[in-house]
Amino acid sequence: MPNIEFDLGEKRVFPPGPRAVQGAAISGMDAYHRLCEHARRDPDGFWRGLAQEHLVWKTPFTEVLDESDAPFYRWFADGRLNASYNCLDRNLENGNAEKTAIVFEADDGAVTRITYRELHQRVCRLANGLRSLGYRKGDRAIIYMPMSIEAVVAMQACARLGVIHSVVFGGFSAKSVHERIVDVGASLVLCADEQMRGGRAIPLKAAIDEALAMGGCEAVRKVLVYRRTGGAVAWDAARDEWLHDRMAGQADQCEPEWVEAEHPLFVLYTSGSTGTPKGVQHSTGGYLLWAVLTMKWTFDIKPTDVFWCTADVGWVTGHTYVCYGPLATGATEVMFEGVPTHPNAGRFWQMCQDHRVTVFYTAPTAIRALIKANDAAPETHPSRFDLSQLRILGTVGEPINPEAWMWYYRNVGREQCPIVDTFWQTETGGHVITPLPGATPLVPGSCTLPLPGIDAAIVDEAGHEVPNGQGGLLVIRRPWPGMLRTIWGDPERFRKSYYPVELGGSIYLAGDGAVRDKVTGYFTVVGRIDDVLNVSGHRMGTMEIESALVANPIVAEAAVVGKPDELTGEAVCAYVVLKRARPEGAEADRIAKELRDWVAKEIGPIAKPKEIRFGDNLPKTRSGKIMRRLLRSLARGEDIRQDVSTLENPAILEQLRVAQ
Ligand code: ATP
Ligand code: MG
């Protein structure tokens with residue numbers, strides 16, 4: 001297929017790209033539509049076949065889906081399996097034993113490789129060690145570790161025993177860890193002494209000590225500590241133990257605990273950009289199936305691929321696309337301890353080149369940061385590196401503005417690689433709406449079409465589907481295997497948050513606003529439901545205005561929120577980070593006017609920001625998402641009463657507080 005752009009309505013459409021098309025798992029739109037049709041016509045047969053083909057079951061399941069207690073759906077409920085068996089032992093049996101499972105690059109550039117056989121041994125040793133301490137199926141473990149082979153070993157060892165893990169991102173404070181330890185009722189903590197990021201050592205064990213001292217964590221019997229840096233740590237001899245001491249002398253074979261498919265594999269707290277974190281509970285069977293299917297469908301993963309997902313294991317992306325999906329599909333994956341800007345902003349591209357990465361998956365926030373940094377330091381620009389082995393690029397976490405999409409497509413993919421803009425959530429377990437590399441024509445800024453078996457739609461407040469072109473609520477009408485099962489310990493909140501009675505009680509409400517293209521039917525997610533503005537009766541997604549701002553060459557990043565306005569109901573308030581230094585005084589006024597006019601020209605006068613505030617950066621969660629709820633409070637001049645413990649850069653709030 002020639003790699004040319006063509007127009008479809010007003011949109012620029014890009015074909016998937018020659019490197020990705022050949023022999024793709026889903027090759028061509030016909031194949032895609034056939035799968036969708038199969039899932040629609042015969043869901044039972046569709047899922048049954050996939051679950052039999054892609055997972056190894058100890059006890060085969062008979063029933064596919066039990067809907068009797070909707071929305072508490074149960075999948076493959078009488079089947080038994082083990083997630084770690086499916087990720088590790090399966091590879092020893094099918095010829096991957098000596099294949100590299102993980103290429104780990106440390107913050108300082110040191111590279112460690114581990115084969116499937118070695119990984120299996122290490123996981124078995126730790127699982128045996130945990131068993132010897134009395135840990136059993138159903139116990140809960142908090143994992144608070146840096147990106148490391150050991151973090152994967154810890155998660156897999158828990159899975160091997162049926163111990164439910166809850167990974168807490170290493171950037172979270174002691175208070176956040178404490179909340180999660182208490183909520184999940186953990187009896188075990190696995191952590192590291194410190195972590196290395198950008199050349200700096202950051203304590204982890206100290207935060208665990210502090211969290212446990214806050215009270216309410218009496219169930220925690222053991223804290224196992226991975227020695228990463230050797231930095232000094234406080235020690236409670238009765239409770240603390242080095243991970244390597246516990247593993248020493250343990251057998252390197254360990255019979256897995258065969259659990260029911262519905263047994264919780266993990267609980268993961270969402271990032272908290274919209275409120276108190278929810279303990280999203282995932283199953284073993286359905287979740288793992290979805291991890292495998294999306295690796296094959298979305299990333300078209302092949303035995304020769306080197307897959308790199310840059311997400312931290314503290315996020316769901318690091319669960320599905322670092323810990324479980326790549327291993328369950330026998331891939332070789334890259335894992336990275338550090339940050340994309342250390343020692344310079346070329347680190348990602350250097351690593352893609354060095355490790356011959358073929359499938360690269362990252363977040364829009366990283367791309368936007370690198371555009372700015374790579375432009376400022378040309379020697380770090382992707383054009384300086386050999387990226388010829390890349391065949392698929394991906395993004396996740398936020399809508400990607402078309403400007404950033406184009407940069408990624410041109411400079412990193414060299415117009416040869418499709419970008420899979422994967423829409424999904426902690427709750428969905430894996431991708432739900434995404435282009436397929438060997439099939440879907442791409443439109444920058446659109447996550448395109450739902451995966452086979454995902455019955456996504458856009459509805460109004462009463463649950464009626466709206467016509468294409470009209471915005472509404474994104475829902476998924478039929479259950480799918482990878483969906484969350486409940487909120488840990490709070491089934492009522494689960495029902496209210498995701499299956500509201502207003503929509504009938506059995507339809508999944510994603511919480512995002514979206515719109516489908518009139519011509520293609522493609523989905524564009526415009527942001528969270530509460531990120532939709534209503535200016536003088538016109539409904540607009542904040543994302544649209546942000547994209548327009550970022551399309552201006554002087555703007556690096558922008559966030560838009562609504563602010564009550566006497567005249568228009570709601571007014572647009574924009575927070576802008578420029579590629580150059582933050583302007584002040586008359587210069588700020590001049591640039592603000594220029595940007596206001598720009599938006600008026602790009603979208604229309606109605607979208608013109610009433611107010612523009614400039615910052616050095618924006619308040620973000622540790623996963624890199626803009627915290628719009630804080631910006632909303634700032635725009636209204638309210639005091640910040642919300643929990644800011646998940647904020648990456650709290651100092652920025654002061655700078656953005658005052659209208660300039
Ligand atoms: P919380 O639910 O606690 O507020 P969160 O929603 O940020 O946290 P995640 O589950 O990590 O936590 O993120 C899912 C959300 O990220 C989606 O609901 C959507 O708003 C956004 N998102 C993820 N991927 C995409 C994408 N490709 N396009 C648009 N939005 C995306
Ligand atoms: Mg969410």
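Helix α6 (149-161) and strand β16 (264-269) each supply at least two residues to the lining of the second largest cavity. Helices (H or I, at least four residues) and strands (E, at least two) are DSSP runs, numbered from the N terminus. The model is predicted: local features need pLDDT of at least 70, side-chain atom pairs count only at pLDDT 80 or more, and totals for chains, interfaces and linings use all residues. Residues are numbered from 1 along each chain as its sequence is written, chains are lettered from A and ligands numbered from 1 in the order in which they are written, and side-chain values use heavy atoms, with hydrogens and water left out.

The second largest cavity has a volume of about 40 Å³. Its lining consists of A83, C158, A159, G162, V163, V259, H263, P264, L265 and T284. By class, 7 of these are nonpolar, 3 are polar and none is charged. Here Ala, Val, Leu, Ile, Met, Phe, Trp, Tyr, Cys and Pro count as nonpolar, Asp, Glu, Lys and Arg as charged, and the others, Gly among them, as polar. A cavity is a set of points, on a 1 Å grid over the protein atoms alone, where a 1.4 Å probe fits but cannot get out; lining residues have an atom within 4 Å of a point. Grid points are joined across faces, edges and corners, and a volume is the space filled by probe spheres set on the points.

The whole structure holds 2 cavities of 30 Å³ or more. R368, E398, P399, N401, M543, E546, S547, V550, E557, A558, I626 and R628 line the largest cavity. Two or more of these lining residues come from each of α16 (542-550) and β30 (555-565). Helix α16 gives the most, with 4 residues. The lining of the largest cavity has 5 nonpolar, 2 polar and 5 charged residues.

Helix α6 also packs against α4 (residues 83-93), at an angle of about 120° and with the axes 7 Å apart. Axes are lines fitted to C-alpha atoms, for helices over the stretch in contact, and angles run from 0 to 180 degrees between N-to-C directions. In α4, the residues A83, S84, Y85, C87, L88 and D89 meet Q156, A159 and R160 of α6 (contact: heavy atoms within 4.5 Å). This contact has 5 nonpolar, 2 polar and 2 charged residues.

An open sheet of 7 strands runs in the order β7-β6-β19-β18-β20-β21-β22, with mixed pairing. Two strands pair if DSSP finds at least two bridges between them. Strands β7 (111-115) and β22 (419-421) stand at the edges with a single partner strand each, so one side of each has no neighbour in the sheet. Strands β18 (residues 306-309) and β20 (residues 359-362) run parallel and are joined by 3 bridges. F307 stands opposite V359 in β20. Helix α6 packs on this sheet, touching β6 (100-105), β7 and β19 (332-336), and its direction makes about 135° with that of β6.

A further open sheet has 4 strands in the order β23-β24-β26-β27, with antiparallel pairing. Its edge strands, β23 (456-459) and β27 (523-528), each pair on one side only. Neighbouring strands of this sheet are turned by 45° against each other on average, direction ignored. Strand β26 (residues 508-516) is joined to β27 by 5 bridges. The bridge partner of R516 in β27 is F523.

Key: 1 Å grid on protein atoms, 1.4 Å probe; cavity = no way out; pocket = protein on both sides within 12 Å on 5 of 7 lines; lining within 4 Å.
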